[in-house]
Amino acid sequence: MKGNPAKGFNYLVRGFKLVTQPGLRLFVLIPLTINIVIFSVLIGATISEFYGWIEAIMNWVPDFLSFIRWVLWPMALVLILTVIMYSFSVIANIIASPFNGLLAEKVEEMLTGSEVDGYETIGKAILAFPKSISREVAKLAYYIPLALTVLVISFIPVVNAVAPILWFLLGTWMMVIQYCDYPMDNNRRSFSAMKQAIAVDRLTSAGFGAGVMAGTMIPLINFIIMPAAVCGATVYWVEELKPLTPKPTRKGPPALT
């Protein structure tokens with residue numbers, strides 16, 4: 001497979017550095033605020049149930065495997081964290097999608113010195129919210145069949161021991177799709193073209209997505225991970241993904257299809 005996981009992770013590191021740039025702070029502020037509010041509210045609402053969910057998963061462990069519960073417990077922890085934090089990220093990204101697109105636009109303009117025909121202003125981003133939902137729905141439609149497949153595996157005795165790994169890998173892949181889509185959508189690349197591009201550079205994409213997925217699980221880091229991931233994905237787009245995609249096939253404002 002083509003690519004370099006370390007290079008992909010470094011794009012995320014560069015994204016963290018970009019969120020502090022003076023010219024981007026205003027455009028970082030809105031998605032950052034949305035992410036903090038969503039994660040704070042949802043974590044507060046679910047924290048009391050957290051260990052109960054882990055124990056519910058552990059109850060599925062057959063009696064003959066009870067002697068390795070100490071190994072399976074942390075795997076159950078990873079499973080719950082992956083599913084919950086990815087779900088929180090989906091909600092935050094749906095609400096913040098036009099502002100993430102605007103941030104990606106400004107990052108690309110900073111990196112290239114060329115204007116991107118996108119939202120341009122916060123006001124236009126707000127007005128584009130209904131249209132941006134269609135792209136987020138496309139991501140959910142892509143994710144749900146994959147998630148259902150992994151969910152079925154999660155209930156198969158013995159085989160379900162690998163479920164936490166599968167959930168993390170699925171979350172990793174979806175994080176790449178989620179964030180690389182913003183700069184690609186700004187540049188009128190179709191959803192299918194976006195998926196093909198990140199698949200070509202699969203190992204680099206995996207390094208980026210794994211970093212983002214892990215970041216959603218780390219307290220405090222998960223508050224700033226969304227704008228940092230948008231910035232990092234835009235750097236990835238400018239430096240590697242852009243040549244891998246065909247020319248635009250549609251016209252009009254971002255997030256129409």
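Student: What percentage of the 257 residues of the chain count as buried?

Tutor: Please note that this is a predicted model. A residue is called buried when its relative accessible area is under 20%. In this chain of 257 residues, 47% count as buried. The accessible surface of the chain comes to about 11800 Å², and carbon and sulfur atoms hold 72% of that surface.

Student: How many helices and how many strands does the chain have?

Tutor: One counts the elements and then reads them in order. There are ten helices and zero strands here, and along the sequence the pattern is α-α-α-α-α-α-α-α-α-α. Among contacts in the chain with a separation of 6 or more, 79% join residues 24 or more positions apart.

Student: How should I read a single residue? Where is serine 205, and is serine 205 buried or exposed?

Tutor: One looks at the element, then the accessibility, then the contacts. Serine 205 is in helix α9, which covers residues 202–215. Its relative accessibility is 0%, so serine 205 counts as buried. Setting aside residues up to four places away in sequence, serine 205 touches Val176, Ile198 and Tyr236.

Student: Where is aspartate 117 found, and does aspartate 117 count as buried or exposed?

Tutor: Aspartate 117 lies in the loop between α4 (69–112) and α5 (122–127). The cut-off for exposed is over 50%; aspartate 117 has 53% relative accessibility and therefore counts as exposed. Apart from neighbours within four places in sequence, aspartate 117 is in contact with Asn186 and Arg188. Glutamate 105 is twelve residues from aspartate 117 along the chain, and their C-alpha atoms are separated by 8.3 Å.

Student: Why does leucine 166 count as partly exposed?

Tutor: Values between the two cut-offs form a class of their own. Leucine 166 has 27% relative accessibility, and therefore counts as partly exposed. The residue belongs to helix α7. Leucine 166 touches Val150 and Ile153, if residues up to four places away in sequence are not counted. Threonine 149 is 17 residues from leucine 166 in sequence, and the C-alpha to C-alpha distance between the two is 10.0 Å.

Student: Let us turn to pairs of helices. At roughly what angle do the axes of α7 and α10 cross?

Tutor: For a pair, one reads the distance between axes, the angle and the handedness. The axes of α7 (residues 163–186) and α10 (residues 221–241) come within 8 Å and cross at roughly 60°. The two helices are therefore oblique to each other, and the crossing is right-handed.

Student: Which residues of α7 and α10 meet?

Tutor: From α7 come Tyr179, Cys180, Tyr182, Pro183 and Met184. They meet Met226, Ala229, Val230, Ala233, Thr234, Tyr236, Trp237 and Leu241 of α10. By class, this contact of α7 with α10 has twelve nonpolar residues, one polar residue and no charged residues.

Student: How do α1 and α10 cross?

Tutor: The axes of α1 (residues 5–18) and α10 come within 7 Å and cross at roughly 115°, and this crossing too is right-handed. Among the residues making the contact are Lys7, Tyr11 and Arg14 of α1, and Ile221, Ala229, Tyr236 and Glu239 of α10. The contact of α1 with α10 divides into twelve nonpolar, two polar and four charged residues.

Notes: Residues numbered from 1 in each chain as written. Predicted model: local features only at pLDDT ≥ 70, side-chain atom pairs only at ≥ 80, totals over all residues. Heavy atoms only, no water. Axes fitted to C-alpha atoms, helices over the stretch in contact; angles between N-to-C directions. Helix = DSSP H or I, 4+ residues; strand = E, 2+ residues; numbered from the N terminus. Parallel < 35°, antiparallel > 145°, perpendicular 65-115°, else oblique. Left-handed = near helix turned anticlockwise from the far one by under 90°. Contact = heavy atoms within 4.5 Å. Nonpolar A, V, L, I, M, F, W, Y, C, P; charged D, E, K, R; others polar. Buried < 20%, exposed > 50% of the residue type's maximum accessible area, 1.4 Å probe, protein only. Areas by Shrake-Rupley, 256 points an atom, 1.4 Å probe, with all protein chains shown as cover.
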